[in-house]
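Here is a short report on one protein model.

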Amino acid sequence: MTETRPGAMAKTDGPGFDRRLLPPMMLGSILNPINSTIISVALVPIGRALGAPASQTAWLVSALYLATSLGQPVVGRLIDLFGPRRLFLFSTGLVGVAGVVGTLAPNMAVLIAARVLLGFGTCSGYPAAMALLRSEAKRTGRDSPGGVLTALAVANQTIAVIGPLLGGLLIAAGGWRATFALNVPLSVVSVVLGLLWLPKPASAARPAGGGRLVAQLDLPGMALFAATLTSLLLFLMNPHPRTWYLLVIAAVFAAGFALRELRAATPFIDLRVFGGNTPLLATYGRAVVAYVVSYSFLYGFSQWTEEGYGLSPFRAGLVQIPMFLVAIGVSILSGRRSGVRGKLLVGAAGQIVACLVMLTLGTGSALWALLLVALVFGIPQGLNNLALQNSVYFQADPERVASSAGLLRTFAYIGSMIASSATAASFGRGADTGGMHQLAWIMLGAGVLYLLVTVLDRTLGRVAPAPADK
């Protein structure tokens with residue numbers, strides 16, 4: 001896909017990455033993690049204000065992930081076809097609408113609806129950023145600089161880690177509704193930056209008419225994918241023997257989706273290529289288990305520090321500052337180093353150690369012990385996200401990098417949904433120490449599985465390193 005941009009340098013004039021793209025890329029890509037993490041310290045205040053137990057407030061987490069899991073690969077495919085500008089502007093505008101709805105929500109149902117809107121609204125940022133990296137590589141004639149990939153990972157990592165602290169500050173200043181109101185100015189700035197600097201699609205990338213557009217989009221394939229994922233995620237939200245039928249429904253839709261994609265001239269997800277890309281499939285599998293651990297800690301540990309340990313939302317956010325500092329430092333230091341295998345192995349070990357330390361905590365534990373857990377968790381937080389992102393960038397088909405990046409987020413959100421379900425099941429109606437220990441055992445099992453999947457994957461040594469900036 002070729003794109004034109006007013007004032008862009010020609011390849012012969014200067015092959016450097018257009019740094020004006022960085023602000024909209026970074027801001028768009030952090031809209032999802034900021035809304036994913038800021039809610040972690042708001043769940044308890046929302047539950048108290050609206051009279052909802054932990055099993056109900058967990059839907060605020062699940063609703064966003066369900067919407068985003070469905071939307072990311074769909075929006076990513078649209079970006080692959082038509083460029084990032086239109087999708088970015090529409091989606092980030094929707095974030096502002098969702099912020100208003102959430103701020104004014106009178107009850108839990110409306111609040112959940114606002115989170116669904118946020119999920120769809122934050123779909124475009126990350127796939128758009130990855131597509132821009134690829135288009136800049138094509139324009140300049142060289143691969144995107146490693147510093148840009150690292151900056152993208154660090155931006156997402158920074159927001160993911162400081163989200164609880166920011167949430168605590170907002171709740172202290174204006175109550176839990178301030179965590180939704182934050183989306184309004186973020187949306188406005190995102191739209192303005194997108195209008196100013198995102199490339200306009202060339203005529204070749206403009207939407208085709210009628211039937212050709214439908215064929216390019218593969219709407220039946222998208223519908224079957226959505227039905228499969230919705231059935232699966234609804235089961236993961238409330239896994240129980242009485243909801244087994246959802247797995248059957250998911251399997252039926254998955255079979256229909258596979259048949260459709262194998263026969264479609266322009267499939268939504270090209271299973272013939274996708275199925276033969278074993279390294280990419282392994283990366284998606286790692287993303288699932290990595291995010292089970294990561295988001296179980298983010299939501300479960302934060303809730304326990306408030307309800308079980310007795311910290312205020314603001315102080316619960318402060319406890320995670322060590323994770324923020326370590327994660328950013330680790331990402332920056334390791335971002336330009338070649339290979340991903342070492343990052344993944346160290347990240348796996350860090351997850352396991354942190355889970356073991358969690359099992360020693362209780363209401364009588366010293367505050368430094370809580371800080372120690374956050375400190376150790378900073379290592380895998382900084383390494384895993386960077387390694388997974390770089391793996392997809394180099395393993396994916398260049399013509400489908402946006403949809404492949406969206407699928408990475410989808411698999412990550414499946415892990416997050418499992419984490420949300422595990423947190424709700426462990427805590428029941430209260431985040432006590434026994435529930436936190438039960439959750440830690442689940443996290444430990446996922447961490448060990450992540451280590452095994454990484455150790456047994458012989459393709460990791462062949463993942464191309466991100467080249468250094470020039």
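The protein exposes about 17,400 Å² (Shrake-Rupley method, 1.4 Å probe). Carbon and sulfur atoms supply 69% of that area. Of the 470 residues, 61% count as buried, that is, under 20% relative accessible area.

This is a predicted model, in which local features need pLDDT of at least 70, side-chain atom pairs count only at pLDDT 80 or more, and totals for chains, interfaces and linings use all residues. Residues are numbered from 1 along each chain as its sequence is written, and side-chain values use heavy atoms, without hydrogens and water.

The secondary structure comprises 20 helices and two strands, taken as DSSP runs (H or I, at least four residues; E, at least two). Contacts are heavy atoms within 4.5 Å. Among those between residues at least 6 apart in sequence, 84% join residues at least 24 apart.

Mean pLDDT (the predictor's confidence per residue, 0 to 100) is 82, and 88% of residues reach 70 or more.

| Confidence | Element | Mean pLDDT |
|---|---|---|
| Lowest | strand E1 (residues 3-4) | 40 |
| Highest | helix H8 (residues 178-181) | 96 |

Over residues 1-13 the pLDDT is below 50, yet this stretch has 35 contacts beyond near neighbours in sequence. Residues 465-470 are also below 50, with 20 such contacts.

The largest pocket has a volume of about 260 Å³. Of its 14 lining residues, Phe225, Thr228, Phe257, Ile269 and Phe411 are the closest to its centre. The lining divides into 12 nonpolar, two polar and no charged residues.

Conventions
Buried means under 20% relative accessible area, exposed over 50%, partly exposed in between (1.4 Å probe, protein chains only). On a 1 Å grid over the protein atoms alone, a cavity is a set of points where a 1.4 Å probe fits but cannot get out, and a pocket is an open set with protein on both sides within 12 Å along at least five of seven lines; lining residues have an atom within 4 Å of a point. Grid points are joined across faces, edges and corners, and a volume is the space filled by probe spheres set on the points. Ala, Val, Leu, Ile, Met, Phe, Trp, Tyr, Cys and Pro count as nonpolar, Asp, Glu, Lys and Arg as charged, and the others, Gly among them, as polar.
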